[in-house]
Amino acid sequence: MSENRMQWYDETLIDQIIAGTKTATVRPLEWSQGLDAFNTALHVGATYTVYNQAKAARCRVRITAIELARWDAIPDALWRRDPAASGAVSLEAFIADHDDYFGNPAGDFEFVALYFDRVDHRPGP
């Protein structure tokens, strides 16, 4: 069985996952089938090892839901569970934090919203 993986380049966001304040994230729609060895295909119920930019394992999460979302209709649950890197929790903070990430998207832009629970913060090898 191969390991499911997710990678974050911002250590602050991983720290939020470990602290339990971040329980959701977003990905471009095309990444849902997998991007590379450190961003594998997304599946509800699967457990993923979270890696940082240096490819060090930091924690594990289990995906509890995947939702198709639109930029002009961001679900309340998503922005409430995905704080900005600054820690701010609001729709405005979510938009400001993700606008560049998605390349200043139009209102009809679709993306994947992931909801998860932290499993542990000491993953095995």
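A cavity, on a 1 Å grid over the protein atoms alone, is a set of points where a 1.4 Å probe fits but cannot get out. Grid points are joined across faces, edges and corners, and a volume is the space filled by probe spheres set on the points.

**Before starting.** I note that this is a predicted model, in which local features need pLDDT of at least 70 and side-chain atom pairs count only at pLDDT 80 or more, while totals for chains, interfaces and linings use all residues. Residues are numbered from 1 along each chain as its sequence is written, and side-chain values use heavy atoms, without hydrogens and water.

**Cavity.** I looked for cavities of 30 Å³ or more and found one. The volume of the largest cavity is about 40 Å³. I listed its lining (residues with an atom within 4 Å of a point): Arg5, Met6, Arg27, Trp31, Asn39, Thr40 and Leu42. By class this lining has three nonpolar, two polar and two charged residues, where Met, Trp and Leu count as nonpolar and Arg as charged.

**Sheet.** I took strands as DSSP runs of E, at least two residues, numbered from the N terminus; two strands pair if DSSP finds at least two bridges between them. Five strands form an open sheet in the order 1-3-4-5-2, with mixed pairing. Strand 1 (4–7) and strand 2 (24–28) are the edge strands, each pairing on one side only. I then checked strand 4 (residues 57–70) against strand 5 (residues 110–120): they pair in the antiparallel sense over ten bridges. Arg70 has Glu110 in strand 5 as its bridge partner.

How values were computed: 1 Å grid on protein atoms, 1.4 Å probe; cavity = no way out; pocket = protein on both sides within 12 Å on 5 of 7 lines; lining within 4 Å. Helix = DSSP H or I, 4+ residues; strand = E, 2+ residues; numbered from the N terminus.
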